[in-house]
Structures are given as structure tokens and as C-alpha cells.
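Please view the structure first.

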Amino acid sequence: MSLDSMTNSVDAAVSGFFEPIAKWLGEVVFYSVPVGGTDLPLIVAWLVIAGLVFTGWFGFVQIRKFRLAVDVVRGKYDEKGSAGEVNHFQALTAAVSGTVGLGNIAGVAVAVSIGGAGATFWMILCGLLGMATKFVEVTLGVKYREVHADGSVSGGPMHYLPKGLVDRFGNRGKTLGKVLATLASAMVLFFGLFGGNLFQVNQSYAQLVSVTGGESGILGSSAGALFFGVLIAALVGIVLLGGIRSIASVTSKLVPAMAAIYIAACLIVILGNVTALPSAVGTIIEGAFNPEGVAGGVLGALIIGFKRAAFSNEAGLGSAPIAHSAVKTKHPASEGLVALLEPFIDTVVICTMTALTIVIASPDSWKVGNGDAQGVTITSDAFATVMPWFPYILTVAVLLFAISTVLTWGYYGLKAWSYLFGRSKASELTYKVVYTLFAVAGSLLTLQTLIDMADAVLFMLAVINIIGLYLLAPVVKRELNSFLEYVRARNAGETDADEDQEPVKTTV
């Protein structure tokens with residue numbers, strides 16, 4: 001039996017078994033209600049409302065403390081002797097690499113295809129609201145992280161939900177906390193294997209094949225797919241063995257590079273059509289408020305924009321605190337402020353650049369306006385309007401985005417695995433082997449049914465996580481006030497930069 005027939009058989013068998021489960025789960029998690037002629041997924045409303053609540057609760061922290069967040073990333077308020085494994089910049093790039101991925105390229109294209117150019121405006125607004133949610137969950141991630149005897153750190157919803165609930169409600173929150181932590185770990189692990197790994201490899205391979213001659217090209221055969229999968233698996237495995245320090249070392253170089261390449265590519269398209277820029281901005285604003293817009297008018301554009309932003313920046317899902325928890329700091333809110341930059345980079349900057357590029361270039365595949373074309377094809381066609389070879393630049397960006405996402409979700413999955421099965425060397429090595437094998441499978445299998453399930457599972461985590469964020473918001477308020485007092489004292493010269501501060505309370 002050939003490799004192609006084997007993989008087709010596996011795909012068919014898996015789809016046949018899991019399709020009913022995936023369909024039911026998707027209907028539950030992404031349950032939609034008709035609003036103004038279009039469908040509103042309640043999970044999107046749940047995420048957006050959280051952003052609104054936390055924006056008000058913390059007094060527009062994403063705007064008032066934006067400059068302070070940048071100063072923290074620059075190292076202005078670093079404290080010597082802090083527990084942790086990576087600095088603020090490395091923690092940010094590690095987390096950004098998990099959110100900035102193919103969704104920023106393909107997903108945005110689909111959003112402006114279905115919801116029109118106006119979806120971009122609402123996407124930006126949702127990204128701004130998500131900054132407040134990200135601040136809250138990451139502050140909690142650092143507050144309740146575990147620092148192990150070897151200096152490594154574990155954090156995320158599987159730690160701050162049980163510890164935080166006990167901290168606030170005593171033994172009454174103990175059992176609930178443990179149940180929620182176990183569920184959170186299982187959800188992160190499942191998505192990491194299928195959404196954060198297999199899907200990224202599969203889609204990056206598809207884009208690479210498309211620019212190397214298609215199925216008749218050098219990589220179009222099953223042997224080419226296997227070679228690509230093994231190569232990606234080897235790269236990921238080597239980095240993953242080094243833990244978060246190795247991942248952060250790679251992503252701190254990879255993320256700025258991939259963002260620079262992609263933004264530069266977008267700017268070339270935009271500047272090549274610079275006279276169309278004012279008109280494109282006007283089209284976006286008009287489309288956001290025009291009741292005659294696509295797919296449900298104003299509300300349709302709003303829902304599509306919010307949905308794309310919520311799916312892209314993952315604010316409220318509980319994934320990013322896993323990476324941010326490894327930061328070297330004694331003030332949890334310092335990293336919370338750093339984290340609010342993440343949706344800004346992911347959604348406000350990169351997603352907006354994609355949308356502007358498509359609106360300005362206006363390729364034929366986008367003009368169809370029905371979302372039938374694959375998102376990455378629309379973006380690729382937009383680049384090709386300037387120079388025919390531009391899709392190759394897009395391919396480089398896609399590969400970098402995919403690899404960085406696979407790396408970060410490999411770390412997220414490891415922390416979830418360790419919570420469920422223990423931190424022994426044998427246990428962690430087992431996970432790393434399984435994860436790298438999934439990378440190989442990603443180039444050979446589609447497993448679309450399991451990928452759809454993975455999306456649903458990850459957004460189920462948002463329900464659990466945001467309930468916890470509401471209950472623990474007073475803790476975040478205290479931590480923010482504590483850090484702001486430290487900043488005030490530091491700026492006034494009352495606290496020396498090298499002064500030995502009381503470390504963050506952790507469990508060894």
C-alpha cells in the first residue's frame with residue numbers, strides 16, 4: 001500500500017469516527033443566535049463582554065499604561081534576583097509567537113471577504129478590548145505560578161484557577177479549583193497537538209507546495225510531504241528539548257524577524273498603491289457603519305470582525321499566561337502590563353496590515369466576496385498585484401509564523417501534560433516524542449475533523465477561564481496597585497534598582 005493511500009485511509013477513518021463528536025461539540029461551543037440578520041456566536045460575545053468589563057474595571061489600563069508596558073519590556077523596571085527563566089521581552093515574544101500565525105494571514109482575508117472591509121474596524125476594536133483581558137489573566141498567571149526546585153516555572157489556568165479560588169474562598173474553592181485545573185490542562189493539551197501543531201504544519205506545507213510547482217512540483221509527492229514533516233519535527237524537537245529558555249531564545253529572534261518581513265511585505269503593497277490608501281481607510285470606516293454592508297450590514301461586519309480578532313489574539317482563553325509565567329519578576333502586574341501589548345501586536349498591527357493590503361490591492365479573489373476562496377490565496381493574490389514573485393515572501397512569512405506557533409504550543413502542551421501526568425524526565429520525554437511525531441503527521445494528514453474539535457475545545461476553556469478571571473479580578477487590582485507604587489518609588493529614587501525585594505509568592 002502506498003503512503004498516499006495509507007494517509008487517505010487514516011484521514012477517512014478518523015473523520016468517520018470523530019465527525020459526529022466534532023459536529024456536536026462545535027454546535028455547543030459555537031452556538032449562535034440570530035441578531036440583525038446574521039448569526040452571533042455566544043462564545044464571541046462572552047470574550048468581547050469580558051474585554052469590556054475589564055477595560056472599565058481597570059480604568060482603560062490598555063491606554064493609560066501602554067507607555068509603562070513598553071518601558072517594562074525595555075527592561076527599565078527589571079529587578080535583580082527575581083525568580084523566573086526569561087526576561088520580559090523574551091516572555092512577550094514567546095507568547096506572541098503562539099498567537100501570531102496563519103490566522104493573521106488567512107483568517108483576516110476570510111473576514112474581509114465575508115464581512116467586507118468594515119470588519120477591519122471592529123477587529124481593531126476587539127483587539128483593543130482584548131488587551132485588558134490579557135492583562136488580567138497574565139497577572140494571575142505570574143501571581144500563582146510554581147517555581148520548581150530546578151528553577152523552572154509552571155503557570156497558566158491549571159495553576160491560577162485552583163490556587164486563586166482557594167486564596168479567595170478557602171476550602172470552598174478547593175474541589176472546584178482542582179476540577180477546573182484538570183479540564184483546563186486537557187483542553188490546552190488537545191488543542192496543542194492538533195491546532196497548535198498539526199494544523200500549522202499542514203497549512204504551511206500546503207503553501208510551500210503551491211509555490212514550488214503544486215502537486216507535480218518537488219514537494220508535491222508523499223515523499224516530499226514526509227521530508228518536510230521530518231524536517232519541521234527535527235527543528236521543533238531540538239528547540240523543545242531546551243525548554244522555555246531555548247524556545248524564548250529562538251522566538252525572541254524569530255518573532256521580530258517574521259513580523260518585520262511580513263509588515264515590510266504589506267508596506268510594499270500599500271506604498272505601491274499609496275494613492276489608494278485614503279480611499280481604503282474610508283472604505284473600512286464606511287463599511288463598519290454602513291447598514292447596506294455585506295453579511296448583515298453593520299452588525300454583520302461587527303460580528304465577523306470581533307470573531308476574527310477573538311480567534312486570533314486568544315485573549316481570555318488562558319493560553320498566553322503559560323508562557324508569560326516564566327518571566328523574571330517580583331511583581332505579577334508588571335508582566336500583565338507587558339502582556340497587554342500582545343493583542344495590540346497581533347490584532348491591531350498585523351491583522352490590520354493584512355486587511356489594508358487586501359483592501360488596497362483589491363485582488364479578484366477578494367472581490368468575489370463570498371468567502372469561498374481560501375484565505376491565504378486572497379492574501380497571496382494581494383501581494384502578487386505588486387510583483388508576481390511576492391507570494392514567495394508570503395511563503396517565508398507563513399513558514400516562520402507556523403514554526404513559531406508550533407514551538408510555543410509545544411511548550412504550552414508540555415505544561416498541561418506535566419500537570420496531568422507529572423514532571424518526571426520519562427513523562428516529559430514521552431510528550432516531546434509524541435509532539436514531534438504529530439509534526440510529521442501534519443504534513444501527511446489533514447484530520448480536519450480533529451482540528452475543528454481542537455478549536456471548540458480551546459474555546460470551551462475560555463468559558464472556564466473567564467469565570468475565574470471575574471472571581472479573581474480583585475487580586476489583580478491589588479497587584480496592579482502594588483506595582484504602580486513600586487514604579488512611583490523607583491522613579492522618585494526611593495527604591496534602588498538592585499534593592500532586594502520580597503519575591504513573588506510561589507510554590508516549590
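## Surface, form and aromatic pairs

The protein exposes about 19,800 Å², of which carbon and sulfur atoms supply 65% (Shrake-Rupley method, 1.4 Å probe; for residues, only the protein chains shown count as cover). The model is predicted: local features need pLDDT of at least 70, side-chain atom pairs count only at pLDDT 80 or more, and totals for chains, interfaces and linings use all residues. Residues are numbered from 1 along each chain as its sequence is written, and side-chain values use heavy atoms, with hydrogens and water left out.

Along its principal axes, the C-alpha trace spans about 60 × 55 × 40 Å. Buried residues (under 20% relative accessible area, with exposed over 50% and partly exposed in between; 1.4 Å probe, protein chains only) make up 56% of the 508 residues.

The whole structure holds 22 aromatic pairs. Rings of Phe, Tyr and Trp (its six-membered ring) pair if their centres lie within 6.5 Å; planes under 30 degrees apart are stacked, over 60 edge-to-face, and the rest tilted. Two of the pairs are tabulated below.

| Pair | Centre distance | Plane angle | Class |
|---|---|---|---|
| Tyr262 and Phe383 | 6.0 Å | 90° | edge-to-face |
| Trp409 and Tyr412 | 4.9 Å | 80° | edge-to-face |

Tyr262 and Phe383 are 121 residues apart and link distant parts of the chain. Tyr262 counts as buried at 1% relative accessibility, and Phe383 is buried at 0%. Trp409 and Tyr412 are both buried as well. Ring pairs also link Trp46, Phe54, Trp57, Phe58, Phe135 and Tyr470 into a cluster.

Notes. Helices (H or I, at least four residues) and strands (E, at least two) are DSSP runs, numbered from the N terminus.
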